[in-house]
Amino acid sequence: MGIMLLSIFASIILGCIVWLTIGEQFPLGDEDKLPPLNNIVIYSLLLIVPVYLFIFFVIG
């Protein structure tokens with residue numbers, strides 16, 4: 001349970017960092033972009049599994 005919470009918090013932080021570096025990309029190929037909070041949520045959701053697996057295999 002602790003690894004899951006740690007990975008969620010880490011993915012939220014990394015989602016913010018990715019949003020700061022890449023910017024607003026979603027939806028792809030459309031001129032009207034989603035608000036920044038939606039982009040941060042999308043980036044964070046995309047990072048949950050890789051962050052969890054990284055923490056699980058490195059720390060666990």
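Hi everyone, let me start with a phenylalanine: Phe57 is exposed, with a relative accessible area of 63%. Before I go on, please keep in mind that this is a predicted model.

Phe57 has a partner. Phe56 and Phe57 form an edge-to-face aromatic pair, with 5.3 Å from centre to centre and 80° between the planes. Phe56 itself is partly exposed, at a relative accessible area of 39%. The structure holds three aromatic pairs, and ring pairs link Tyr52, Phe56 and Phe57 into a cluster.

Now let's step back to the overall fold. The protein has two helices and zero strands. Helix H1 covers residues 2–22, and helix H2 covers 36–58. Along the principal axes, the C-alpha trace spans about 45 × 15 × 15 Å. Residues 24 or more positions apart account for 53% of the contacts with a separation of 6 or more.

What joins Phe26 and Pro27? A cis peptide bond, with omega at about -5°. Pro27 lies in the loop between H1 and H2. As a reminder, most peptide bonds are trans.

Next, the inside. Is Ser11 buried or exposed? Ser11 sits in helix H1, and it counts as buried because its relative accessibility is 1%, where the cut-off for buried is under 20%. The side chain of Ser11 reaches the backbone oxygen of Ile8 at 2.8 Å. Leaving aside residues up to four places away in sequence, Ser11 touches Ser44, Leu47, Ile48 and Val51.

Which residues make the nonpolar surface patch of about 620 Å²? Met1, Met4, Leu5, Ile8, Phe9 and Ile12 do. Take Met4 as one of them: its place is in helix H1, and it counts as partly exposed because its relative accessibility is 42%.

Technical notes:
Residues are numbered from 1 along each chain as its sequence is written. This is a predicted model: local features need pLDDT of at least 70, side-chain atom pairs count only at pLDDT 80 or more; totals for chains, interfaces and linings use all residues. Side-chain values use heavy atoms; hydrogens and water are left out. Patches are made of residues with over 30% relative accessible area and no salt bridge: like charges are joined within 9 Å, nonpolar side chains (Val, Leu, Ile, Met, Phe, Trp, Tyr) within 5 Å. Accessible areas come from the Shrake-Rupley method with a 1.4 Å probe; for residues, only the protein chains shown count as cover. A salt bridge is a side-chain nitrogen of Lys or Arg within 4 Å of a carboxyl oxygen of Asp or Glu. Helices (H or I, at least four residues) and strands (E, at least two) are DSSP runs, numbered from the N terminus. Buried means under 20% relative accessible area, exposed over 50%, partly exposed in between (1.4 Å probe, protein chains only). Rings of Phe, Tyr and Trp (its six-membered ring) pair if their centres lie within 6.5 Å; planes under 30 degrees apart count as stacked, over 60 as edge-to-face and the rest as tilted. A polar contact is a pair of N or O atoms within 3.5 Å; within protein, one must be able to donate a hydrogen and the other to accept it, and residues adjacent in sequence count only if both atoms are side-chain atoms. Contact means heavy atoms within 4.5 Å.
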